Structure formats: structure tokens, C-alpha cells
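Please keep the structure open while reading them.

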Amino acid sequence: MGVFAITGLLSGVSGVLLASRIMSGTPTVAQGFELEVIAAVVIGGTSFSGGVGSIWGTLVGVMFIGVIINGMTLMNVPVYTQYIVRGALIFAAVLANKLQEKHS
């Protein structure tokens, strides 16, 4: 129950920070962020099947996804192409994870 309370608190803080950043309270403003979060966690080494991972791996995954997304934005890559690249990154990370689990 404590984890859910902490998650709720941090979600509220992130909502306030995001609303102050865009100076608006639109409920759909963070739509699509879940794909970035899943990609960062999977690239960071967290397993889908067992939930095994580390905070440091997740931090590296977040930084990697942030650099990729920021670079594509600065290069004016269309949004739909960015989604394809993110999906390909998730697919590659899950495939690598499954191959690693199979050989372990």
C-alpha cells in the first residue's frame, strides 16, 4: 500500500510540473508518454517476464531514449517516423532480452 501511495504522490508532482511547463491543464497532454517509459525501462534491462531490473539500468535507458527523441526532434524527423523508431527500439530490446534469457 505504501508503494501505491508513493506512486500517487509522484504522479501528482509530475502532473503539476508538466502543467506548469505547458501553462495548461489539458488531460491529454501526456498521451504517448507511456511508450517512452516502456521503451526506457526495457532498454534499461528490465525483463518483461520476470520484472528483473535495476534503477541504474532504467536511468541509462531513460537517458538513451531522451537523447534519441531529442536528436530526432532537432533533426525535424516526422512524429510518425519517431514512433516507428521507438517501436523498433522496444522490439529490439525485448528480442535481445528474450535471447539473453534463452541462453541463460
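1. In this predicted model, the largest nonpolar core consists of 5 residues: Ala39, Ala40, Ile65, Ile69 and Ile90. Two elements, helix H2 (33–43) and helix H3 (55–74), each give two or more residues to this core. In soluble globular proteins, nonpolar side chains tend to be buried together.

2. Ile69 belongs to that core. Leaving aside residues up to four places away in sequence, Ile69 touches Glu36 and Arg86.

3. How do the two helices H2 and H3 cross? Their axes come within 7 Å, at an angle of roughly 125°. Angles from 65 to 115 degrees count as roughly perpendicular and those over 145 as roughly antiparallel, so H2 is oblique to H3. The crossing of H2 past H3 is right-handed.

4. Which residues form the contact between H2 and H3? From H2 come Glu36, Ala39, Ala40, Val41 and Ile43, and from H3 come Thr58, Gly61, Val62, Phe64, Ile65 and Ile69. Sorted by class, this contact has 8 nonpolar, 2 polar and 1 charged residues.

5. As for the whole protein chain, its secondary structure comes to 4 helices and 0 strands. Read from the N terminus, the order of elements is α-α-α-α.

6. The C-alpha atoms of the protein chain fill a box of roughly 50 × 45 × 20 Å along the principal axes. Of the 104 residues in the protein chain, 17% are buried.

7. Consider contacts in the protein chain between residues at least 6 apart in sequence: 47% of these join residues at least 24 apart.

Key:
Residues numbered from 1 in each chain as written. Predicted model: local features only at pLDDT ≥ 70, side-chain atom pairs only at ≥ 80, totals over all residues. Heavy atoms only, no water. Core = buried A, V, L, I, M, F, W, Y, C linked by side-chain atoms within 4.5 Å. Buried < 20%, exposed > 50% of the residue type's maximum accessible area, 1.4 Å probe, protein only. Contact = heavy atoms within 4.5 Å. Axes fitted to C-alpha atoms, helices over the stretch in contact; angles between N-to-C directions. Parallel < 35°, antiparallel > 145°, perpendicular 65-115°, else oblique. Left-handed = near helix turned anticlockwise from the far one by under 90°. Nonpolar A, V, L, I, M, F, W, Y, C, P; charged D, E, K, R; others polar.
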